[in-house]
Amino acid sequence: MKLLMALLCGMLFGFGLALSGMTDIANVIGFLDLFGDWNPTLAFVMVGGILVSLPFFQFGLGKIKAPLFADVFRLPTRTDIDGRLIGGAALFGIGWGLVGLCPGPAIASLAYLNIDILYFGVAMIAGMFVTDFVDRWLTAKS
Amino acid sequence: MPDAFLMALAGGICIGLAAILLMVTLGRIGGISGIVFSAAKSPVGDFWAILFIAGLILGTFLFHLTSGHPIPAFKEPLPLILAGGFIVGVGTKLGSGCTSGHGICGIGRLSVRSLIATCTFMLLGFITVYLRLHGGVA
């Protein structure tokens, strides 16, 4: 049941990404071209997402004791603002602006069977692993 | 409101609902960069993440199958694709999240960290695209 729910959640998420226009890099670049020929369409994706996520996290989640198919809710606990957060987000923004793909659409677009999108995904996962490896190495050293 | 705006809004609502459903059923944050890393790092232990990713691809496929919406074009030079992908991977790992985890879930949780991360990656996205399209770079 847990695994079926994971598949269904992914399907709804992927359907939403394609419906919203996030998997079309022309849309994404148009949205990111704020200082040029701005296409505001994709701002509505975030509006739609927060429209449902905000009431849920603020009022709904507290009323549920535990997830239906897991032991506990795994919520982020960190509240510190550090250089990693800002630097990481900044790098992510640069990469996003370079190609027009963020992780969700990059993976969802694998449905288009375009080898270039697979290359993007592989490079992205490589970037995550290199970061994780360097991170562990630095932690082990100190 | 033009159709594209409504589709973006409806798509965003689907994404938000999917994130809620994932939290209610599996107790996990619907942040794609984190899920992708879990799936790649421990495909057996976190098999749910593999299925979520399979669903992500299947969902996009089903949208185009049911709507007849044309498949968007994707044609960029390979070095740019590889560099962009790598930087997105490093950035989301270092910054603990992407558009979904920080942008939709984090802001929904009223997390200051996520709000700051979202403003930062949007700003850098704006600047990067400006330089690419209007600044004579790349």
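How many residues of chain B are in contact with chain A, and how many of chain A with chain B? In this predicted model, 97 residues of chain B contact 100 residues of chain A. On the chain B side, the elements that contribute two or more residues are α1, α2 (32-41), α3 (47-67), α4 (78-94), α5 (99-108) and α6 (112-134). Of these, α1(B) gives the most, with 22 residues. The composition of this side of chain B by class is 64 nonpolar, 27 polar and six charged residues.

Helix α1 of chain B (residues 3-26) packs against helix α3 of chain A (residues 43-60) at an angle of about 35°, and the two axes lie 6 Å apart. The crossing of α3(A) over α1(B) is right-handed. From α3(A), the contact is formed by A:Phe44, A:Val45, A:Met46, A:Val47, A:Gly48, A:Gly49, A:Ile50, A:Leu51, A:Val52, A:Ser53 and A:Phe56. The residues contributed by α1(B) include B:Phe5, B:Leu9, B:Gly11, B:Gly12, B:Ile13, B:Gly16, B:Leu17 and B:Ile20. Classified by residue type, this helix pair has 17 nonpolar and six polar residues in contact, and no charged residues.

Chain A itself comprises six helices and zero strands, arranged along the sequence in the pattern α-α-α-α-α-α. Taken along the principal axes, its C-alpha atoms fill a box of roughly 45 × 45 × 30 Å. Of the 142 residues in chain A, 49% are buried. Among contacts in chain A with a separation of 6 or more, 40% are between residues 24 or more positions apart.

Methods. Residues numbered from 1 in each chain as written. Chains lettered and ligands numbered in written order. Predicted model: local features only at pLDDT ≥ 70, side-chain atom pairs only at ≥ 80, totals over all residues. Axes fitted to C-alpha atoms, helices over the stretch in contact; angles between N-to-C directions. Helix = DSSP H or I, 4+ residues; strand = E, 2+ residues; numbered from the N terminus. Left-handed = near helix turned anticlockwise from the far one by under 90°. Contact = placed C-beta atoms within 7 Å. Nonpolar A, V, L, I, M, F, W, Y, C, P; charged D, E, K, R; others polar. Buried ≥ 20, exposed ≤ 12 C-beta atoms within 10 Å, placed from the backbone.
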